[in-house]
Amino acid sequence: MTSREKTLLVAFVWVILIILFSFTLKDFRTFLSGWSATGRELKQQQTFLNQAADINSGLDQELEFYNSERIYDLASLTGRVDQLAKQAGISNFTFNTNSEEQDIHVEHTIRLNVRDTPIDKLMALDAALNLESPYINKAGVSLKSDTRNTELLDATIILNSFELKPGGITAN
């Protein structure tokens, strides 16, 4: 074998080694970045685990204020809204309902349409709905004046409430 052939063979071997080394280096970088990301996630999870006692005590405090008798399913929620509207002296209303199931609760939404109603009756309904908070929440309100009689208003009130699924939230 001549020196030229030996040089070409050595150069070829070096090129192959450099290519293999670069692929290995890329894999090693991927391994290191995955390892460091896993370490960060584990530290974050450990922080949450360290705060578990504080989270459980906060949940216990919140559950003390939780009144399961005031949590409404869709039928009782519509009945309660109907009752509040009638107590406020509102008789010209309709509503549409919708329920959306989540992981630990069911969210109920009512779109209450009130027509041709004086402002004092709407304010009475608003005050009654405020007393129902946090079990019934106002998500949106829009008022529009009646074109025939400006003393009467049309209102659309979007209400929502939630119902916990059985076993949804429990304290230790």
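**Figure 1. Trp14 and the nonpolar patch of helix α1 in the predicted model.** W14 counts as exposed because its relative accessibility is 53%. The residue belongs to helix α1, which spans residues 3-50. W14 contributes to a nonpolar surface patch of about 1,000 Å², together with M1, L9, V10, F12, V13, I16, L17, I18 and L20.

**Figure 2. Buried and exposed residues of helix α3.** L77, T78, R80, V81, L84 and A85 are the buried residues of α3. They lie on the same side of the helix, because the arc they cover around the axis is only 160 degrees. Elements covering these residues include β1 (93-101), β2 (105-118), α4 (119-131) and β4 (152-164). A75, K86 and Q87 are exposed on the other side of α3. Just beyond the helix, G89 adopts a positive phi of about 85 degrees.

Figure 3. D82 is partly exposed at 23%, whereas K86 is exposed at 54%.

**Figure 4. The salt bridge between D126 and K138.** The N to O distance between the two side chains is 2.3 Å. D126 lies in helix α4 and K138 in strand β3, so the pair links parts 12 residues apart in sequence. D126, at 32% relative accessible area, is partly exposed, and K138 is partly exposed at 33%.

Key. Residues are numbered from 1 along each chain as its sequence is written. This is a predicted model: local features need pLDDT of at least 70, side-chain atom pairs count only at pLDDT 80 or more; totals for chains, interfaces and linings use all residues. Side-chain values use heavy atoms; hydrogens and water are left out. Patches are made of residues with over 30% relative accessible area and no salt bridge: like charges are joined within 9 Å, nonpolar side chains (Val, Leu, Ile, Met, Phe, Trp, Tyr) within 5 Å. Accessible areas come from the Shrake-Rupley method with a 1.4 Å probe; for residues, only the protein chains shown count as cover. A salt bridge is a side-chain nitrogen of Lys or Arg within 4 Å of a carboxyl oxygen of Asp or Glu. Helices (H or I, at least four residues) and strands (E, at least two) are DSSP runs, numbered from the N terminus. Buried means under 20% relative accessible area, exposed over 50%, partly exposed in between (1.4 Å probe, protein chains only). The arc is that of the directions from the helix axis to the C-beta atoms. Contact means heavy atoms within 4.5 Å.
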